[in-house]
Amino acid sequence: MDFVVIIPARLASTRLPNKVLHAIAGEPMLAHVCRAARASAAAEVIVATDSEAVADAARVAGVTACMTRADHSCGTDRIAEVAIQRGWGDETIVVNVQADEPLMPPELIDQVAAALEADTEAAIATACTPIRDAEAFHNPNIVKVVATPAGRAVYFSRAPIPFHRDSGNTEFEAGAFRHLGIYAYRTGALKRFSAAAPGALERIESLEQLRAYELNLPIALVQAKAVPGPGVDTPGDIALVEALMAAGTSSERDDD
């Protein structure tokens, strides 16, 4: 299996300034993400950024830094610029690992890359995990996904889906899945995705992955064998991540 990991990393962050360089357990958060990516089977790990400070941190972490434009509205556009700069062919597989996921399991990176390689008709691959409780099911900040029996994503939503007609979704129903924000792209699909304007559904739900749905780009969906620990958006998240690292419980097994 041959694939590349790109970590899009901007310095600006509204809720936590300089987030990707914020110290976690004595190292910049970006260093933890780079370490996870380097532990995967990726042929190369690249940090895509518009910040020299972030690029320097990437090099210290032992990965390649690629400078990109400052006007990108999302990380996907940033990784598309790298793919264009590098001149990769349309079948090159690129895994997008978020820079605020210091507890990303390397095996999940490998899993989504392998899923895309195996499904030759898919344009994108991503992952999910079962939702275990009603609070998560009804939380709009937790994105839900439904899929075909063959493992293709059908729809993503902040709403509780699938909706149980008879109970009116007043009680939690087993069989719901939470989407995990990691993606593998074929470079051709990545370029097409980045070149397209957000569609109506993407704007309504504020979910970038619905652009792929509206572009009719097939998405392979796998149930994660290892689920990432929490991402980082606030100082409280940093304390939680440090506690999980200290306890050695940075990811959750999900083999059932």
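Reader: Why is I6 called buried?

Author: I6 has a relative accessible area of 0%. The cut-off for burial is under 20%, so I6 counts as buried. This value, like the others discussed here, was computed on a predicted model.

Reader: Where does I6 lie, and which residues does I6 touch beyond four places away in sequence?

Author: I6 belongs to strand 1, which covers residues 3-8. Leaving aside residues up to four places away in sequence, I6 touches I46, A48, I79, V82, W88, V94, V95, N96 and V97.

Reader: What makes L103 and E202 count as buried?

Author: L103 has a relative accessible area of 4%, and E202 has a relative accessibility of 9%. Both values are under 20%, so both residues are buried. L103 is found in the loop between strand 6 and helix 4 (106-118), and its C-alpha atom is separated by 13 Å from that of L180, 77 residues apart along the chain. E202 is placed in helix 7 (residues 200-205). With residues up to four places away in sequence left out, E202 touches L207, E208, L210, R211 and E214.

Reader: Which residues of helix 6 are buried, and how do you know that they line one face?

Author: In helix 6 (residues 187-195), the buried residues are T187, A189, L190 and F193. Seen down the helix axis, they fall within an arc of 155 degrees, so they line one face of helix 6. They pack against helix 3 (75-86), strand 6 (93-96), strand 10 (177-186) and helix 8 (210-214).

Reader: How many cavities of 30 Å³ or more are there, and which residues line the largest cavity?

Author: The count is one cavity of 30 Å³ or more. The largest cavity has a volume of about 40 Å³. Its lining consists of I124, Y183, Y185, F193, E208, Q209, A212 and I219. By class, these are six nonpolar residues, one polar and one charged.

Reader: What makes a space a pocket and not a cavity, and what is the volume of the largest pocket?

Author: A cavity is a set of points from which the 1.4 Å probe cannot get out, whereas a pocket is an open set. The largest pocket holds about 1900 Å³ of space. Its lining has 47 residues, of which R15, Q98, D100, E101 and D233 lie nearest the centre.

Reader: Which elements supply the lining of the largest pocket, and how does that lining divide by class?

Author: Helix 3, strand 10, strand 12 (226-228) and helix 9 (235-247) each supply at least two residues. Strand 10 gives the most, with six residues. The lining of the largest pocket divides into 18 nonpolar, 16 polar and 13 charged residues.

How values were computed. Residues numbered from 1 in each chain as written. Predicted model: local features only at pLDDT ≥ 70, side-chain atom pairs only at ≥ 80, totals over all residues. Heavy atoms only, no water. Helix = DSSP H or I, 4+ residues; strand = E, 2+ residues; numbered from the N terminus. Buried < 20%, exposed > 50% of the residue type's maximum accessible area, 1.4 Å probe, protein only. Contact = heavy atoms within 4.5 Å. Arc of directions from axis to C-beta. 1 Å grid on protein atoms, 1.4 Å probe; cavity = no way out; pocket = protein on both sides within 12 Å on 5 of 7 lines; lining within 4 Å. Points joined across faces, edges and corners; volume = space filled by probe spheres on them. Nonpolar A, V, L, I, M, F, W, Y, C, P; charged D, E, K, R; others polar.
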